[in-house]
Amino acid sequence: MAQSVVDVMEDSKGKVHENLLANGVDLTSFVTHFEWDMAKYPAKQPLVSVVDTLAKQLAQIEMDLKSRTAAYSALKMNLENLEKKSTALALTVCLRSVCKGSGMLMPQPGAVVASGGNLFTRTLSDIVSKEDFVLDSEYLITLLVIVPKPSYAQWQKTYESLSDMVVPRSTKLIAEDNEGGLFTVTLFRKVIDDFKTKAKENKFTVREFYYDEKEIKREREEMTRLLSDKKQQYQTSCVALKKGSTTYRDHKVKVTPLGNPDRPTAGQTDRERESEGEGEGPLLRWLKVNFSEAFIAWIHIKALRVFVESVLRYGLPVNFQAVLLQPHKKSATKRLREVLNSVFHHLDEVAAASILDASVEIPGLQLSNQDYFPYVYFHIDLSLLD
C-alpha cells in the first residue's frame with residue numbers, strides 16, 4: 001500500500017511520508033504509544049474470533065487494493081500508449097523553407113521540432129493542420145514522408161522526379177525529431193504506389209496518414225480525458241462529505257469503518273476532515289485511510305503474536321512483560337542482542353547456547369537459529385519505502 005501511494009504521488013514523491021500515517025500520527029509515534037483497540041478487537045472474545053476479524057479486515061483491504069490499483073494501472077497504461085504516439089517531450093517552433101537557388105533549408109513558419117517523439121509511430125494529430133493537405137480532391141492527394149536529416153538536401157533535389165505527376169514545389173517541412181523530418185508532398189492519386197516504391201528505394205519513408213478532422217478531434221479529447229482522469233485520482237478541486245443527499249452537519253464522528261475514505265476519523269469534525277482532504281483524489285484518499293487501517297491491524301497482529309508465543313513458550317498462568325526496544329543506531333543492534341542474551345539466557349539455555357554455536361539444533365523448531373532467541377522476539381520494520 002505504501003508503494004501504491006508512491007505510484008499515485010509520482011509528481012510529489014517528497015510528500016509521500018506525510019501521507020503514510022496511522023490514526024493521524026507518524027508510524028513510529030503510533031507504535032511507541034500503541035494501545036490495544038478494545039472496541040474493534042474485544043479482548044473478551046475468543047482468540048480465534050479476534051484473528052478472524054483481523055484476517056477478514058485485511059483480506060477486504062487487499063481485495064479493494066488490487067481492484068483500485070489495477071484500474072489505475074490500466075489508466076496509466078492507456079495514457080502512456082497514447083503519449084508514446086502523441087506527446088513529444090518538448091515542442092518548439094521551427095520554421096523552414098527552401099532557399100531559392102541554394103537548396104538550403106531556412107527558418108519559416110509552420111514546422112515543429114518534436115523532441116522525444118518518434119515520427120514513425122507517434123500520432124500526428126498535434127503536428128499537422130488542415131492547411132498542410134489538399135483535401136476533397138478527386139485527383140490530388142498529399143502524402144507525408146519521413147526523411148533522414150542527412151538526406152534533406154537530396155529530398156529537395158529529387159522528390160519531384162521520384163514519379164510522374166508530382167506537383168512541383170509542393171513539399172514543406174512540418175515537423176522533425178532528432179533523426180529526421182516530416183515533409184508533405186502533393187501528387188496525383190494514380191501514381192501513389194509508384195511514388196512509394198521510388199521513395200523507399202531512396203530511403204524515404206511514406207507515413208500512412210489520412211487527415212480526418214473528426215478523428216483528430218476525438219484523439220485529442222481522449223488524451224485530455226485520460227490526463228484529467230489520472231490527475232483526479234491523485235488530486236481533485238474539492239471534497240464533499242455526504243450521506244445520501246444531505247451533507248453531514250458539523251459534529252463529532254466516532255466511527256471509522258473499513259474501506260470508506262470519505263468517513264471522518266474518530267474525534268474529527270466533518271469540517272476538519274474536509275479541510276484535511278481538500279485537493280486529494282479518491283484513490284489517494286482511499287490509500288491513506290486504508291493504509292492506516294492496515295498498519296493498525298498489522299501492529300495488533302504483532303501484539304497478538306507476542307502474546308500467543310509467550311504463552312506457548314512460558315506456559316500458564318500468564319507471566320511475561322512485552323517491551324518495545326528501538327536501538328538509536330543500526331550498529332547498536334548487535335550490542336543490544338548481546339545484552340539481552342546475557343540477561344535472559346536462563347529462560348532457554350539451549351537457545352542461548354545455539355546463538356553462540358550455530359551447530360546446536362533446537363528440537364522441534366524449524367526456524368533458523370538466527371531467528372530464535374531465549375526471549376520472544378518479533379521485528380517491526382517501519383522502513384516501508386526502503
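User: Helices (H or I, at least four residues) and strands (E, at least two) are DSSP runs, numbered from the N terminus. In this predicted model, what is the place of K203?

Analyst: K203 is a residue other than glycine, yet its phi is positive, near 65°. The helix α6 spans 192-201 and the strand β8 spans 205-207. The place of K203 is the loop between α6 and β8.

User: Is N23 buried or exposed?

Analyst: N23 is found in the loop between α2 (16-19) and α3, and has a positive phi of about 55° although it is not a glycine. Exposed means over 50% relative accessible area. Because N23 has 55% relative accessibility, it counts as exposed.

User: Which element gives the largest share of the lining of the largest pocket?

Analyst: The largest pocket holds about 1,700 Å³ of space. Of its 39 lining residues, those closest to the centre are V323, L324, L325, Y377 and F378. Elements giving two or more residues to this lining are α3 (27-32), α9 (282-314) and α10 (333-344). The largest share, eight residues, comes from α9.

User: How many residues of the lining of the largest pocket are nonpolar?

Analyst: The lining also includes nine polar and five charged residues. The nonpolar residues number 25.

Key: Residues numbered from 1 in each chain as written. Predicted model: local features only at pLDDT ≥ 70, side-chain atom pairs only at ≥ 80, totals over all residues. Heavy atoms only, no water. 1 Å grid on protein atoms, 1.4 Å probe; cavity = no way out; pocket = protein on both sides within 12 Å on 5 of 7 lines; lining within 4 Å. Points joined across faces, edges and corners; volume = space filled by probe spheres on them. Nonpolar A, V, L, I, M, F, W, Y, C, P; charged D, E, K, R; others polar. Buried < 20%, exposed > 50% of the residue type's maximum accessible area, 1.4 Å probe, protein only.
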